[in-house]
Amino acid sequence: MDQQQYQQIEDKITPPTPYLKNIIKAFLIGGLICTIGHAITYFYIIFFDFTETTVGNPTAATMVFLAMLLTGFGLYRKLGQVAGAGSAVPVTGFGNAVVSAAIEHKTEGLVLGVGGNIFKLAGSVIVFGVASAFFVALIKLILVSMGVVEW
Amino acid sequence: MIFIDFLLAFVIGGLICVIGQLLMDVGKLTPAHTLSTLVVAGSILAGLGWYEPLIDLAGAGATIPITSFGNALTSGAIAEAEKHGWVGVLTGMFEVTSSGISSAIVFGFIAALIFKPKGKVN
């Protein structure tokens, strides 16, 4: 059996991706998580001294806390199997990646295991976020000093 | 209208997740590639000044998805660059966005102390 035949058999056996179903599930669950986050922003605006611009920080922290509980009890993994990107894209997915890596590597010790692996899954998001922020801000600074755009 | 406000958060947040799902299903990207792409997209939108209006419109629908992480890093860097020039590009980045990362580290560490590993995922 050559490579081409193998590829044909593989294509035949692999079930087709249920695009529409996945999109609907990601939309509903992702939207629901954001709606819960929105309720938390109202909580912080009404009961604490946060404004609409500063409320993002405590909201993200609260969502990460909820993600920690769900991850610890093994519920976030089940949610992820249903929701796909709907549970991965919100900040709770970032929290889940960090928390699950921390728990999983606990047996290797607190320093080498937890400390060394906590960003194993989420590290790429931080690296690309920081690197892209650097280049975007640099380009904007150059464009502003050339007088092309304004702050 | 508080109902419209929540509906916008639901719809915009859901749509950003749909973009992620399309990158995974149609673009055949791994979850890590998908999330990195979304973060970079958030940075670029922040550079163009388009992410802030989205937050005004959708609230948590725009601040909860991971794109807002790129936006927060970039707008922090841009705000400091405006004040201090070249140095600000580096120093400003974590000005706004610290909470997502610091809370993830703190809660991740606490979780490692209290929860037991579930073993191999089957």
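Predicted model: local features only at pLDDT ≥ 70, side-chain atom pairs only at ≥ 80, totals over all residues.
Residues are numbered from 1 along each chain as its sequence is written, while chains are lettered from A and ligands numbered from 1 in the order in which they are written.

**The annotated spans**

UniProt, in an unreviewed entry, gives the annotation "transmembrane region" to residues 26-47, 59-76, 83-103 and 123-149 of chain A. For chain B, an unreviewed UniProt entry places the feature "transmembrane region" at residues 6-23, 35-51 and 96-115. Such positions are given in the numbering used here, feature names are shortened, and annotations may be inferred rather than shown by experiment.

The table below describes some of these spans. Helices (H or I, at least four residues) and strands (E, at least two) are DSSP runs, numbered from the N terminus.

| Span | Distance between end C-alpha atoms | Secondary structure |
|---|---|---|
| Residues 83-103 of chain A | 22 Å | 86% helix, 0% strand |
| Residues 123-149 of chain A | 33 Å | 85% helix, 0% strand |
| Residues 35-51 of chain B | 17 Å | 88% helix, 0% strand |
| Residues 96-115 of chain B | 30 Å | 95% helix, 0% strand |

**Inside chain B**

Chain B has 7 helices and 0 strands, and its pattern along the sequence reads α-α-α-α-α-α-α. Along the principal axes, the C-alpha atoms of chain B fill a box of roughly 50 × 35 × 35 Å.

Let us look at one pair of helices in this chain. Helix H1 (residues 2-25) of chain B and helix H2 (residues 31-48) of chain B have axes that come within 9 Å and cross at roughly 135 degrees. Axes here are lines fitted to C-alpha atoms, for helices over the stretch in contact, and angles run from 0 to 180 degrees between N-to-C directions. H1(B) and H2(B) are therefore oblique to each other; angles under 35 degrees count as roughly parallel, over 145 as roughly antiparallel, 65 to 115 as roughly perpendicular and the rest as oblique.

The crossing of H1(B) and H2(B) is right-handed. A crossing is called left-handed if the near helix is turned anticlockwise from the far one by less than a right angle, and right-handed if clockwise. H1(B) brings Gly20(B), Leu23(B) and Met24(B) to the contact, and H2(B) brings Pro31(B), Thr34(B), Thr37(B) and Leu38(B). Two residues are in contact if their C-beta atoms, placed from the backbone, lie within 7 Å.

**Where the chains meet**

Between the chains, 62 residues of chain A are in contact with 59 residues of chain B. On the side of chain A that touches chain B, H8(A) gives the most, with 15 residues. That side divides into 38 nonpolar, 21 polar and 3 charged residues. Here Ala, Val, Leu, Ile, Met, Phe, Trp, Tyr, Cys and Pro count as nonpolar, Asp, Glu, Lys and Arg as charged, and the others, Gly among them, as polar.

H8(A) meets H2(B), with axes that come within 9 Å and cross at roughly 25 degrees. That angle makes H8(A) roughly parallel to H2(B), and H8(A) passes H2(B) in a right-handed crossing. Among the residues that meet are Phe128(A), Gly129(A) and Lys140(A) in H8(A), and Leu35(B), Val39(B) and Gly47(B) in H2(B). The contact of H8(A) with H2(B) holds 11 nonpolar, 6 polar and 1 charged residues.

A second pair joins H6(A) to helix H7 (residues 94-114) of chain B, packed at an angle of about 35 degrees with their axes 8 Å apart. The crossing of H6(A) and H7(B) is right-handed. Residues of this contact include Phe94(A) and Gly95(A) of H6(A), together with Phe107(B) and Gly108(B) of H7(B). The contact of H6(A) with H7(B) divides into 11 nonpolar, 3 polar and no charged residues.
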